Amino acid sequence: MLKFLHSIFRRGTRAGAVPDALVNKAIERAVDGTDPWIRAVFGYKKKLRPAVLHAINHVVSLVDGTGPVLVLDPLRFDLDANLRTYFISGAELRDFLERDPGLRQLRGTTGRGQHGVTGLLVMEKRERLILGAEVSGEVVLRDVPQLAVSFEAHQLLDLNGKEEDTRYHLKRRAYDHLLRQALGRITEIKTRRGNLEKHRALLEAKLTVLRRGGFGFDPRSGEETDVIAVEKSLADIEAQVLAIGKDDKMLEVYLGVVADVLGRAEEHLWLGEETLIVDRMGIKRKEAGAGACEVKFDVLRDAEGRRLVVSLVSIPD
């Protein structure tokens with residue numbers, strides 16, 4: 001997958017230190033990953049270059065800015081607040097590791113996994129309102145509204161024998177994610193424009209019929225009124241089509257979409273930290289105490305509304 005991007009995000013690559021040749025490769029990947037016809041636009045490389053370089057710098061900073069590595073070890077379950085928050089029990093964590101196909105494959109490869117494995121743990125945080133019991137002084141209150149927090153849909157991504165290899169794979173993945181968002185916007189424009197074109201063709205046909213005498217229309221309704229209404233609708237359609245772009249300008253529109261997404265990469269894919277206080281039953285609390293601990297974790301978000309809890313993890317043998 002994206003073999004040439006290995007060289008862009010190779011070991012030691014730092015934000016702002018990407019050679020020109022590698023930026024050019026990233027430009028070509030951006031075109032191939034969205035709409036190859038963009039190459040027909042004069043000067044497309046020059047127009048995309050600043051945005052692509054910005055995106056590369058962003059994903060390098062994004063991945064290198066992830067929090068400390070979490071040791072994903074069932075034997076440490078009772079000692080680590082994050083593990084206790086992400087998984088119901090040490091047995092669930094052990095079962096998750098045993099069932100993960102990528103981890104099995106990597107450990108089954110000759111000469112790999114001898115010094116542990118590094119990867120990205122991805123989860124979905126879900127909250128639901130329940131009724132539970134609360135202790136107030138010496139009184140036990142029943143049916144108290146509580147917010148239960150759970151972490152579900154666990155996945156391990158970009159598993160490798162070394163942390164630096166996992167990080168550069170994650171940078172490739174982040175760059176590709178930005179391209180996917182750009183492609184989604186281009187597809188939306190194409191669909192909207194296609195629908196407008198179909199509607200315009202129907203209105204033009206109807207207008208032709210009306211101007212020829214109005215086959216199938218009741219003369220008493222007033223043919224002139226029908227013509228005026230259709231002409232107005234047709235003008236509205238034309239205005240919307242022009243707002244999207246003329247036929248000979250659509251490739252520049254698509255180029256602009258790619259440049260916009262990559263040039264504002266931090267608005268389309270970003271990482272933030274959250275703090276959560278939960279007890280051993282997964283109930284959200286306002287303050288940490290003997291029965292509730294405070295945990296911090298990274299949340300990866302994108303402009304399409306995705307929200308995933310992520311943690312760089314190491315998995316011992």
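Let's start at a pair of facing residues: E134 stands opposite L141 in β3. Before going on, a word on the model, which is predicted: local features need pLDDT of at least 70, side-chain atom pairs count only at pLDDT 80 or more, and totals for chains, interfaces and linings use all residues. Residues are numbered from 1 along each chain as its sequence is written, and side-chain values use heavy atoms, with hydrogens and water left out.

Back to the strands. β2 and β3 (residues 139–160) pair in the antiparallel sense over 16 bridges; pairing here asks for at least two DSSP bridges between two strands. Helices (H or I, at least four residues) and strands (E, at least two) are DSSP runs, numbered from the N terminus. The β2–β3 hairpin has 2 residues between the strands, and G137 takes a positive phi near 70° there. β2 also has β6 (residues 307–315) as an antiparallel partner, over 7 bridges, with G119 opposite V313.

Now have a look at T118, which sits in β2 (residues 117–136). Is T118 buried or exposed? T118 is buried, because its relative accessible area is 9%; buried means under 20%, exposed over 50%, and partly exposed in between, with a 1.4 Å probe and protein chains only. Beyond its neighbours within four places in sequence, T118 is in contact (heavy atoms within 4.5 Å) with residues including D158, E163, T166 and V313.

On to the cores. A nonpolar core is a set of buried Ala, Val, Leu, Ile, Met, Phe, Trp, Tyr and Cys residues joined through side-chain atoms within 4.5 Å. The largest one has 34 residues, and Y44, L48 and V258 are among those with the most contacts inside it. Helices α2 (20–32), α3 (44–64), α7 (163–211) and α9 (250–263) each supply at least two of its residues, and α3 gives the most, with 9. A second, separate core of 28 residues includes M123, F151, L276 and V299.

Last, the charges. The model has 24 salt bridges, each a side-chain nitrogen of Lys or Arg within 4 Å of a carboxyl oxygen of Asp or Glu. One of them joins D260 and R185 at 2.9 Å, N to O, linking helix α9 to helix α7 across 75 residues. D260 is partly exposed at 25%, and R185 is partly exposed at 30%. Salt bridges that share partners also join E28, D32, R39 and K45 into one network. Within that group, R39 and E28 meet at 2.8 Å, N to O. Y44 touches both of these residues, along with I27, V31, I38 and L255.
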